[in-house]
Amino acid sequence: MAQEHQEYIQQKVNPILENLVTQLLLERPEQLAPFMIKWLSQNSKTPAAAALTEGVNVLSELKVEMEKLQAEVQGLEQQVACKEEKEETDDEEEEIAPPASYFTTGPRASVSAEAYGQWNPERLFVPPVFAKTEEQKTRLANILKECFLFASIDSHDMAILIDAMQEKVVEQGTRLINQGDDGDCLYVIEEGQMNCFIQSSEGERKVKECVAGDLFGELALLYNCPRAASVEAAQRCVLWELDRESFNQIVKKAAISHREQLEEFLEKVPLLQSMETYERSSLCDALHAVSFNKGEVIVQQGEIGDTFYILEEGTAVVTKVYVAGTPAKEVLRLQHGAYFGELALLNNEPRAASVHAATDCQCYTLSRRTFNRLLGPLQEILQRNAREYH
Ligand code: CMP
Ligand code: CMP
């Protein structure tokens, strides 16, 4: 029987699969299942191929159904976990005073502006202070400057944040965060690489590699949820740890309101549809809002450009001079959710067209560096779309 199976596989199944794999390697489609189904139906002249096609069809339907159900279950689990966690934290915050170390007094203990916020007028927050050399402080300041989550913090609070961070060295293989655990701190990487894994029914899947300058462990603090992933050192790493209380007092409110403001909009930007939800949320931290008045030039053809734009509100018009000395022609009208300014960054060339605000416009911008870092995976889509320009 086993031999019969083997012969069947060798003679009938393998030739088809080999061809299919060759096609996959040649075309490398983004969406595997639809491509395979289409290829099989176009090549299903033999009974084996027809059977395979049917099997793949059924399988892909089941897979879609299963993914839907898994997402629903995950969403419900997270809601329950968040609700429970929040209730617990609310209770704790009523009853438990901050740890004694927070009340360190001394020349360098400073008080965060947030402590006097309208939510908590009476309790004075005194953040921890971990001694650092001036050289360490400068190094840390340079790292934090690059972290989008801390972008809106003023210099006073930034100094408090730097004092509150504690150096931590982890060796290769250390699992610092376990998915599902409670989280009470976040980390910024100074040196080394940490890998993030998510457990699913098919086992553990690596979802992100965090390198120097990246932070991780922020989700549990931002949303009072259990750890959403496990994080492990891919090599020896030098990290800076920030505790929940300091994070809550200095960073959380501003970061959450910025994310909330943007997440809903970014979900609807067609260019960003293929991004993972987590990556899209991280993008929120890096975007800056800029307004333009009706008639204002946003981008000038021929100039050097370092900024990428996503249009949130208003209409912008793209015009282009095709032959020097002749008038510019209108080539495109951009609306809510459209983007522009990518060509100068992708090709390292002067602006290929001008863009002006036809009505008052609200845009979100990314610098060249953040564009490369966060939209790197979308370069292929951007290049493909750019080939449609006339
Ligand atoms: P937190 O949930 O606190 O702990 C695990 C961390 O893994 C999480 O915060 C993020 O910083 C990080 N992470 C990286 N990629 C992902 C992802 N795709 N989904 C969830 N968390 C991720
Ligand atoms: P960039 O060259 O950086 O600045 C001008 C932008 O206009 C360009 O990127 C594109 O985003 C956008 N654009 C839209 N249509 C065209 C077009 N036909 N030719 C060139 N740029 C265009």
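Which residues that surround ligand 2 are the closest? The legends below take up this question after a note on the model.

The model is a predicted one, in which local features need pLDDT of at least 70 and side-chain atom pairs count only at pLDDT 80 or more, whereas totals for chains, interfaces and linings use all residues. Residues are numbered from 1 along each chain as its sequence is written, chains are lettered from A and ligands numbered from 1 in the order in which they are written, and side-chain values use heavy atoms, with hydrogens and water left out.

**View 1. The surroundings of ligand 2.**
Ligand 2 is surrounded by 16 residues, of which Gly341, Glu342, Ala344, Arg351 and Ala352 are the closest (a residue is near a molecule or strand if one of its heavy atoms lies within 4 Å of it). Among the polar contacts (pairs of N or O atoms within 3.5 Å), an oxygen atom of ligand 2 lies 2.9 Å from a polar backbone atom of Gly341, and a backbone N or O atom of Leu343 is 3.3 Å from an oxygen atom of the ligand. The side chain of Tyr389 also places an N or O atom 3.5 Å from an oxygen atom of ligand 2. On its own ligand 2 has 450 Å² of accessible area, and the protein covers 98% of this (Shrake-Rupley method, 1.4 Å probe). Two or more residues of the shell come from each of β12 (316–320), β13 (329–334) and α9 (342–347), where helices are DSSP runs of H or I with at least four residues and strands are runs of E with at least two, numbered from the N terminus; the largest share, three residues, is that of α9.

**View 2. The surroundings of ligand 1.**
Around ligand 1 there are 15 residues, with Gly217, Glu218, Ala220, Arg227 and Ala228 the closest. An N or O atom in the side chain of Glu218 is 2.5 Å from an oxygen atom of the ligand, a backbone N or O atom of Ala220 lies 2.9 Å from an oxygen atom of ligand 1, and the side chain of Tyr278 has an N or O atom 3.2 Å from an oxygen atom of ligand 1. Taken alone, ligand 1 exposes 450 Å², of which the protein buries 95%. The elements β4 (194–200), β5 (203–210) and α6 (219–223) each give two or more residues to this shell.

**View 3. Aromatic pairs.**
Six aromatic pairs are found in a search of the whole structure (ring centres within 6.5 Å; planes under 30 degrees apart count as stacked, over 60 as edge-to-face and the rest as tilted). The ring centres of Tyr187 and Phe216 are 5.2 Å apart and the planes stand at 20°, so this pair is stacked; Tyr187 belongs to strand β3 (residues 185–191) and Phe216 to strand β6 (residues 215–216), 29 residues apart. Tyr187 and Phe216 are buried, that is, under 20% relative accessible area with a 1.4 Å probe and protein chains only. Phe308 and Tyr339 form a tilted pair, with 5.8 Å from centre to centre and 35° between the planes, and both residues are buried.

**View 4. An open antiparallel sheet.**
Four strands, in the order β1-β8-β3-β6, form an open sheet with antiparallel pairing (two strands pair if DSSP finds at least two bridges between them). The edges are β1 (166–170) and β6, each with a single partner strand, so one side of each is left without a neighbour in the sheet. Strand β3 is joined to β8 (residues 237–243) by six bridges and runs antiparallel to it, with Leu186 opposite Leu242 in β8.

Technical notes. Polar contact = N/O pair within 3.5 Å; in protein donor to acceptor, adjacent residues only side chain to side chain. Buried < 20%, exposed > 50% of the residue type's maximum accessible area, 1.4 Å probe, protein only.
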